[in-house]
Amino acid sequence: MSNDDSLFTHHEHALEKEYEICPECGSELVIKKSKAGAFFGCSSYPSCEYTRPVHEQEKMEAQTLPGSECPECGHELAVKQGRYGMFIGCSNFPECHHIEQEEQASGTSVKCPSCKSGQLVERQSRFGKTFYACDSYPKCKFAVNHEPMEGQCITCGFPLLLKRQMAAGEKLQCAQKKCSKFQP
């Protein structure tokens, strides 16, 4: 067992020594493991299905924004906590699904090669990475990871090139995945 492993097993053993009683049936609570992580579960499972997380997460109550109005239904807007962080949405959820967009995506002057009617806009993934996608989403799902440039591939004729930073400097690459050839 390496030093790093002993720290984790020591921590788990310390948690297992904590003695708690199930609030539903009075049996002992034990630490169980799932693919989502560790949790406390009743030792009388399956007759008692009580569980709770090892670490209680603070839940933020939705706070309404006075003087704000939902453009779809007219109710007040509220600051809420979602699975990807905080956002502003309608307080009349689930009847109204309006969510305020934090910032408008910055557009490029490059037309979408897939639908030919939309523009490619810069967006952020939930992990903070920048990518470029068609502004006609969800109708058009075209997206690329590098900055798009107008131009045509000399090999396959695809009407979009990507600007890539390489060790030898900036190069243009075909945006079609099947081709992906660098331009001279």
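In what order do the four strands of the open sheet come?

## The open sheet

The order is β1-β2-β3-β4, and the pairing is antiparallel. At the edges you'll find β1 (20-21) and β4 (51-53), each with a single partner strand, so one side of each has no neighbour in the sheet. A strand here is a DSSP run of E, at least two residues long, numbered from the N terminus. Two strands pair if DSSP finds at least two bridges between them.

Take β1 and β2 (residues 28-34): two bridges hold this antiparallel pair, and E20 has L29 as its bridge partner in β2.

## About the model

What you're looking at is a predicted model, where local features need pLDDT of at least 70, side-chain atom pairs count only at pLDDT 80 or more, and totals for chains, interfaces and linings use all residues. Residues are numbered from 1 along each chain as its sequence is written, and side-chain values use heavy atoms, with hydrogens and water left out.

Now look at β9 (residues 119-124) and β10 (residues 130-134), an antiparallel pair with five bridges. V121 sits opposite A133 in β10. The hairpin of these strands has five residues between them, and there G128 takes a positive phi near 90°.

β10 also runs antiparallel to β11 (residues 143-144), joined by two bridges. Y132 has V144 as its bridge partner in β11.

## A look at I88

I88 belongs to β7 (residues 85-90). Its relative accessible area is 32%, so I88 counts as partly exposed (between buried, under 20%, and exposed, over 50%, using a 1.4 Å probe and protein chains only).

Leaving out residues up to four places away in sequence, I88 touches L65, L77, A78, V79, I99 and E100; contact means heavy atoms within 4.5 Å. As for A78, its C-alpha atom is 5.6 Å from that of I88, though the two are ten residues apart along the chain.
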